[in-house]
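Take a moment with the sequence and the 3D view. Then follow the chain step by step.

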Amino acid sequence: MSISVPSSLPSPFPSSLPADPRALSRLLGGTDGLSVWPRSARPEAAGDVSVGGVSLAEAADRFGTPLYVLDEQEVRARCRAYRTTFPDADIVYAAKAFLCRAIVHWMQEEGLGLDVCSAGELALAVTTGFPPEKIVMHGNAKSPEDLRTALRLGVGRIVVDSASEIARLAAFTPAGARQKVMVRVVPGVAAGGHAKVRTGTDDQKFGLSITDGSAQHAVTRILDQPHLELVGLHCHIGSQVDSVKPYVAAVRRMVGLMARIRDHHGVSLPQLNIGGGHAIAYRPGEESLNVGVLAGRVRAELEEGCARARLTVPRLTLEPGRAIIGPAGVAVYRVLAVKRTGQHVFVAVDGGMSDNPRPALYGVRYAPRLIGRPSAAPPRLVAVVGRHCEAGDVLAEDVALPGDIHPGDLLAVPAAGAYHLSMASGYNLVGRPPVVAVADGLARTLVRRESLDDMSRRDIGL
């Protein structure tokens, strides 16, 4: 199977994607020192690296640090690759990975839907011009405000996550209207890169279980509500999933449940959403999910399972977030201090857990790179740490950096587009970094740096 990518926009992908899994993996990752960087990344003179034709060192001088650089063409190309790989499915971008007005525009222009988890994300999308009928709302504990906002703005689908939510939705839906809903099902499939991001089993907060009958009970209750229209089932098995097998197992169980719903209620559900969670590589040599193989295996399982159960094949929905935005981002920091404590060398930078909490939350590891100057010094193992008042504020442990690294140097951290700024905090009142988009040698600010004045405005009490 050859997967063509539309050519109306320059792309870091070639005009066709190879069907061979190893070749596709090489395309999405690569094997050189910039393998986990955006495809446009190029080593430049004097030890610099450019992304989207923009020097990162020059960007740091112009916009300051910490700085997040986002390769627009990489984002768009990954959107197109998903749409081409899954031509008969709805691709819905998981906004929780990172959302701003420019991202909303890019997703709309590339033909993707949006998956939001709050009235805030929803309002940002709709006020930017995104069509609400292409939005899916999630959340294990949606507030009354979330639900009322979703109904008022005409969200396309609301994913029901609890029995109490059914009653609220039924009560809030205006007379004469019908809201399309899906049931989030726990399929009993364990997958994900860390225990805290595994969402497909019964021992976590999301969804309604097949095993104890909660999912089936929710289906019955929804079908009894005249203001709610059950259009399908939803599942999400976890994040940073690098194997296709758990998705195939989840599809098999979801098709089985759809067949039982048909047999018990006489209803054939037209949609199946299998979530996202597709793994990316954060360091050279790490595995990412092969999306081409995923498409073939999921489609085969869905068609064969529906044929056995005599079901009409439902329309598939996928919700990639990290796999679209993560590899497109690079974080740039400036070194503030270098010191040895015992047997350890600590390289402290001007950001940290306030703009990237993932190492503290999940123990994830990155591959920082010295940029902006050449160095012939032998490498040494160091810990790159943040500026915050926590011993756990460590951005990268046991990484090899040139032995002559010193204050004033610049470090760039690739694969930084997802779950950094979307989870950023105001810890120590440092202020969140700006986001700059790069493309064709030009850089422009998408989100400006958060100032002390921005933070002070909320503090109104004396």
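How many helices and strands does the protein chain have? The protein chain has 13 helices and 23 strands. Helices (H or I, at least four residues) and strands (E, at least two) are DSSP runs, numbered from the N terminus. This is a predicted model, in which local features need pLDDT of at least 70 and side-chain atom pairs count only at pLDDT 80 or more, while totals for chains, interfaces and linings use all residues. Residues are numbered from 1 along each chain as its sequence is written, and side-chain values use heavy atoms, with hydrogens and water left out.

Start with the whole chain. Of its 462 residues, 55% are buried. Buried means under 20% relative accessible area, exposed means over 50%, and partly exposed lies in between (1.4 Å probe, protein chains only). The accessible surface comes to about 19400 Å². Carbon and sulfur atoms hold 51% of that surface. Such areas come from the Shrake-Rupley method with a 1.4 Å probe, and for residues only the protein chains shown count as cover. Now consider contacts, meaning heavy atoms within 4.5 Å. Among contacts with a separation of 6 or more, 68% join residues 24 or more positions apart.

Next, find strand S21, residues 410-414. How many of its 5 residues are buried? The count is 5 of 5. In a regular strand the side chains alternate between the two faces of the sheet. In S21, Leu410, Ala412 and Pro414 lie on one side, and Leu411 and Val413 on the other. Both faces are covered.

S21 also has partner strands. Two strands pair if DSSP finds at least two bridges between them. Strand S16 (residues 329-341) runs antiparallel to S21, and 5 bridges join them. Here Ala331 has Val413 as its bridge partner. Strand S18 (residues 369-371) is also antiparallel to S21, with 3 bridges. Arg369 stands opposite Ala412 there.

Most residues other than glycine have a negative phi, and most peptide bonds are trans. Ala415 is not a glycine, yet its phi is positive, about 55 degrees. Ala415 is buried, at 1% relative accessible area. Asp398, in strand S20 (residues 394-402), also has a positive phi, about 50 degrees. Asp398 counts as exposed, because its relative accessibility is 51%.

Which residues does a cis peptide bond join? They are Thr65 and Pro66, with omega about -5 degrees. Pro66 sits in the loop between helix H2 (56-63) and strand S6 (67-71).

Now look at an open sheet of 3 strands. Its order is S3-S4-S5, and the pairing is antiparallel. S3 (42-43) and S5 (54-55) stand at the edges with a single partner strand each, so one side of each has no neighbour in the sheet. Strand S4 (residues 49-51) pairs with S5 over 2 bridges. Val51 stands opposite Val54 in S5.

Is Asp115 buried or exposed? Asp115 is buried, because its relative accessible area is 1%. It lies in strand S8 (residues 113-116). Leaving aside neighbours within four places in sequence, Asp115 contacts several residues, including Tyr93, Lys96, His138 and Glu319.

Finish with cysteines. A disulfide is a pair of cysteine sulfur atoms within 2.5 Å. By this rule there are 0 disulfides. Cys306 is buried at 1% relative accessibility, whereas Cys389 is exposed at 61%.
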